[in-house]
Amino acid sequence: MPSVPPARHLVRAKDLVDTRYHDPITVADMAKAAGLSRSHFSQQFHRAFGETPHTYLLTRRLERAAALLRNTDRSVADICLAVGLQSIGSFTTSFTHTYGMPPTTYRAQFPDPAKYALIPACVVRAHSRPQHRTFREDTPEPTPLTSEMSDSPPTGDL
Amino acid sequence: MINIANAQLWVHDQDEALAFYTKKLDMEVRSDVTVPEMGNFRWLTVGPTNQPDFAIVLMAIPGPPLMDDATTAQVHDLMSKGFAGTVFLTTDDCEATYRDLKSRGVEFTETPEQRPYGIDAGFRDPSGNQFRLTQLNVSFGG
């Protein structure tokens, strides 16, 4: 019998987040679910899934918040607490950063939740989780100004 | 007319999978054939007793020469990460089936919850393949 690949344990940490995102779970809880030490776990999780355990937890919570904004009339503050986030200010900031607009604006864009009601919940959850970006990645790379470029005439599309 | 006969899932270990699908999910073995001249390739299919014309193929990852070492490792890895596929099951009573399977040691990822399309729960097989267990709303008709 082949030995169990390490990722089979790591996926248990993801499953924990998917199931209990609304509880005050920590990376230590995720490490425990995977049966690994705290530092080793974060490294292995990142290697397997391409993002840190903390990022996975945050984006899962934001995805759940977005779903509640689309599908319910609960208040933003209520939704923030319901997905396991503590501070409404930082929730609004990270939501705006991730979805490009504040929660209330986001909500106004989705008038008909019934349209998606037949898609299984696990599929909706998996496919609507947002990509996490740091603020630094948002800033466009400054265009290198070489002497050649600055000498060339303006091209009109600037 | 086209019917679906078999759908294939990768598994890490066929004996382990066979025990899980028959003893825990109560599926029946449809075929279990080992072919020595094909490098002991084992064709193993299971299916629900009340659905005789559909079976899941529990396929061991073949390895070289059919699959090179790097690909073999990738498939093992994908499966372990839960990215190798999902099977959607239906049941008459999600809560009762959940309790039954849970008592048999099935690893549930989600407990039964009410959804617009019915009540469902989620679990994994020993290889990490994801399953949904849904009690469909009659009003939605599946």
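Let me start with one residue, Leu58(B): leaving out residues up to four places away in sequence, Leu58(B) touches Leu9(B), Val11(B), Gln14(B), Ala17(B), Leu18(B), Tyr21(B), Leu44(B) and Val46(B). A contact here is heavy atoms within 4.5 Å. This is a predicted model, where local features need pLDDT of at least 70 and side-chain atom pairs count only at pLDDT 80 or more, while totals for chains, interfaces and linings use all residues. Residues are numbered from 1 along each chain as its sequence is written, chains are lettered from A and ligands numbered from 1 in the order written, and side-chain values use heavy atoms, without hydrogens and water.

Now the core. Leu58(B) belongs to the largest nonpolar core, of 23 residues, and is one of those touching the most other members, with Tyr21(B), Ile56(B), Phe108(B) and Phe123(B). By nonpolar core I mean buried Ala, Val, Leu, Ile, Met, Phe, Trp, Tyr and Cys residues joined through side-chain atoms within 4.5 Å. Buried is under 20% relative accessible area, with a 1.4 Å probe and protein chains only. Elements giving two or more residues include strand E4 (55-60) and helix H3 (94-103) of chain B. H1(B) gives the largest share, 4 residues. A separate core of 17 residues includes Tyr21(A) and Tyr99(A).

On to chain B as a whole. It has 3 helices and 8 strands, taken as DSSP runs (H or I, at least four residues; E, at least two) numbered from the N terminus. Their order is β-α-β-β-β-α-β-α-β-β-β. Of the 142 residues in chain B, 42% are buried. The C-alpha trace of chain B spans about 50 × 35 × 30 Å along its principal axes.

Notes. Buried means under 20% relative accessible area, exposed over 50%, partly exposed in between (1.4 Å probe, protein chains only).
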